Amino acid sequence: MKIAFAGLGVMGAPMARHLIEAGHDVTGFNRTASKAEAWAAATGGKAAATVAEAARGVDLFILCVGNDDDVRAVVTEALPHLSEAAVIVDHTTTSAKVAREMAELANEQGKSFIDAPVSGGQAGAENGQLSVMAGGDAAALAKVEPVVKAYSKAIKHMGPAGSGQLTKMVNQIAIAGVVQGLAEAVHFAQVAGLDTDAAYEAVSKGAAQSWQMDNRWRTAAKGEFDFGFAVDWMRKDLGLVLDEARTNGARLSLTALVDQFYAEVQAMGGNRWDTSSLAARLQLRD
């Protein structure tokens, strides 16, 4: 399958590399041309200077860019150049609204658009172990699912266009609450004078266990926050969640509070710290 991949950042570059390793013909595009050229040199793929060049005649166009506006711009430029009945798979985390808009636009031109945000972070992309939650036409997803499996461990079709993005919002809501609980647990253990490593061993084998606890407890206790998904990105995602909740009436008091706490972390200069840096605002008060 002839594939184009737009957005070769910390997530997109390794995802596109997995496609090359799976034997696909992949052309990469990035707004910073040097990134596309470096990716091509490292993987044996091809680099395109424009979205239109990357999209020309491809059967599957994948993107992993920044936000709603980026998705609109890339998809609009790509659509006229894609092969007949091509499928677009968007791994960007966006609003459900833009996913629906792009699906309608693609359908008008005889193409398919799948909103397919991912969970698993940079490590999941590097290791080909991402979880994909997808919205859009089920037949179109089935057509490209064997390709997407090159960098994913699970792909779940959630319903019509926008459903993938709504599911990613569920994911971020759950993470926000868990990470805040983890931050407070670490903080409490420290203030209580406990050995934090021993506390982790005591509680991590029971009902308190979580991925966040297993992967971020010890680093958060040390005040180390350079391990993946950045606060700026999380605030973008939580902004999408809270906007959607204002529309559908969901009551997300904890999510709104944690979003405010992340704003405090940003004010501390922690824009690029990972999401466990909620612990930092508590350690500051010690």
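K168 counts as buried because its relative accessibility is 5% (buried means under 20% relative accessible area, with a 1.4 Å probe and protein chains only). The model is predicted, with local features needing pLDDT of at least 70 and side-chain atom pairs pLDDT 80 or more, while totals for chains, interfaces and linings use all residues. Residues are numbered from 1 along each chain as its sequence is written, and side-chain values use heavy atoms, without hydrogens and water.

An unreviewed UniProt entry lists K168 under "active site"; such annotations may be inferred rather than shown by experiment. Beyond its neighbours within four places in sequence, K168 is in contact (heavy atoms within 4.5 Å) with T93, P117, V118, M133 and D237. The side chains of K168 and T93 are joined by a polar contact of 2.8 Å (a pair of N or O atoms within 3.5 Å, one able to donate a hydrogen and the other to accept it).

## Helix α8

K168 lies in helix α8, which comprises residues 163-191 (helices are DSSP runs of H or I, at least four residues). From first to last C-alpha, α8 reaches 43 Å, close to the 42 Å expected at 1.5 Å a residue (1.5 Å times one less than the number of residues). G193, with a positive phi near 80°, follows α8.

## Nonpolar core

The largest nonpolar core has 31 residues, and F5, L19, L60, I62, V89 and I114 have the most contacts inside it (a core joins buried Ala, Val, Leu, Ile, Met, Phe, Trp, Tyr and Cys residues through side-chain atoms within 4.5 Å). Helix α7 gives the most to this core, with five residues.

Key. Buried < 20%, exposed > 50% of the residue type's maximum accessible area, 1.4 Å probe, protein only. Helix = DSSP H or I, 4+ residues; strand = E, 2+ residues; numbered from the N terminus.
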